[in-house]
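Dear colleague,

Here is the structure I said I would pass on. My notes follow below it.

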Amino acid sequence: MTLITHGFEDTERALIARLYWGAFGSKLGRVLGPERLALRFIADMLRPDHALVARSEGGEMLGVVGFKTYDGALVGGGFLDLRRIYGTIGATWRAALLTLLERDTDNDRFLLDGLFVSPQARGQGIGTALLNAICQEALSRGYRKLRLDVIDSNPRARALYEREGFERKGTTNMGPFSKLFGFSSATTMVKTLA
């Protein structure tokens with residue numbers, strides 16, 4: 001049985017950072033790397049109040065789904081946070097590039113901001129359980145729609161979202177930045193909630 005809880009303990013930050021990096025490092029590696037600095041930055045910036053965590057009955061972390069609100073995101077941070085890890089010059093160019101990946105919140109659709117499952121738990125329905133949990137979170141906050149973005153180099157995730165009732169609403173092309181981020185486009189998908 002999978003248990004979904006709100007938030008996580010400070011002692012779990014390093015584990016979540018590694019799972020996050022495992023899921024998104026291919027698109028963030030050239031910007032947030034090297035890996036040791038990226039893991040430090042991610043672990044420092046994680047917001048437990050913007051996370052739902054899937055756990056086994058024994059408490060083992062199986063996956064996480066993050067969300068973004070006007071108050072923050074699963075992994076936030078600004079220039080000063082980047083500067084603390086990467087120095088002034090490193091923070092300057094990283095901050096500029098990361099703005100290309102930013103997705104704004106809106107009043108009508110709750111924003112899913114990252115879903116990742118531990119390698120040993122993949123294929124066991126954890127992603128679906130996390131999607132169901134984030135739908136309930138959205139409803140509990142008064143939203144009737146859930147929005148996410150999925151990159152073109154992740155067809156497995158896109159197939160999961162389509163099976164779960166998400167519809168494609170538009171595509172953002174990365175243009176000359178596609179080589180830097182490792183994907184050519186991101187598709188916005190929306191699910192209308194019951």
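**Sheet, helices and rings**

Strand β6 pairs with strand β7 (residues 185-192) in the antiparallel sense, over six bridges. Within this pairing, E167 stands opposite V190 in β7. Please keep in mind that the model is predicted.

The sheet as a whole is open. Seven strands form it, in the order β1-β2-β3-β4-β5-β7-β6, and the pairing is mixed. The edges are β1 (3-6) and β6 (167-173). Each has a single partner strand, so one side of each is left without a neighbour in the sheet. From one strand to the next, the twist averages 25°.

Two helices lie across this sheet. Helix α4 (residues 126-140) lies across β1, β2 (51-55), β3 (61-68), β4, β5 (145-151) and β7. Its direction is about 155° to β4. Helix α5 (residues 155-163) lies across β4, β5, β6 and β7. It runs at about 160° to β5.

Next, the contact between α1 and α3. Their axes come within 10 Å and cross at roughly 115°. From α1, the contact uses L28, R30, V31 and L32. From α3, it uses L82, Y86, W93, R94, L97 and L98. By class, that gives eight nonpolar residues, two charged and no polar.

Now the aromatic rings. How many aromatic pairs are there? The count comes to eight. One of them joins F24 and F116. This pair is edge-to-face, at 6.0 Å centre to centre, with 85° between the planes. It links distant parts of the chain: F24 sits in helix α1 (residues 13-32) and F116 in strand β4 (residues 109-117), 92 residues apart. Both rings belong to buried residues. F24 has a relative accessible area of 17%, so it falls under the 20% limit for buried. F116 is buried too, at 2%. Ring pairs also bring in Y20, which forms a cluster with F24 and F116.

A second pair is F41 with Y86. Is it stacked, edge-to-face or tilted? It is tilted, at 6.2 Å centre to centre and 50° between the planes. F41 lies in helix α2 (residues 35-45) and Y86 in helix α3 (residues 79-98), so the pair ties together parts that are 45 residues apart in sequence. F41 and Y86 are both buried.

Best regards

How values were computed
Residues numbered from 1 in each chain as written. Predicted model: local features only at pLDDT ≥ 70, side-chain atom pairs only at ≥ 80, totals over all residues. Heavy atoms only, no water. Phe/Tyr/Trp six-rings, centres within 6.5 Å; stacked < 30°, edge-to-face > 60°. Helix = DSSP H or I, 4+ residues; strand = E, 2+ residues; numbered from the N terminus. Buried < 20%, exposed > 50% of the residue type's maximum accessible area, 1.4 Å probe, protein only. Axes fitted to C-alpha atoms, helices over the stretch in contact; angles between N-to-C directions. Contact = heavy atoms within 4.5 Å. Nonpolar A, V, L, I, M, F, W, Y, C, P; charged D, E, K, R; others polar. Pairing = 2+ DSSP bridges.
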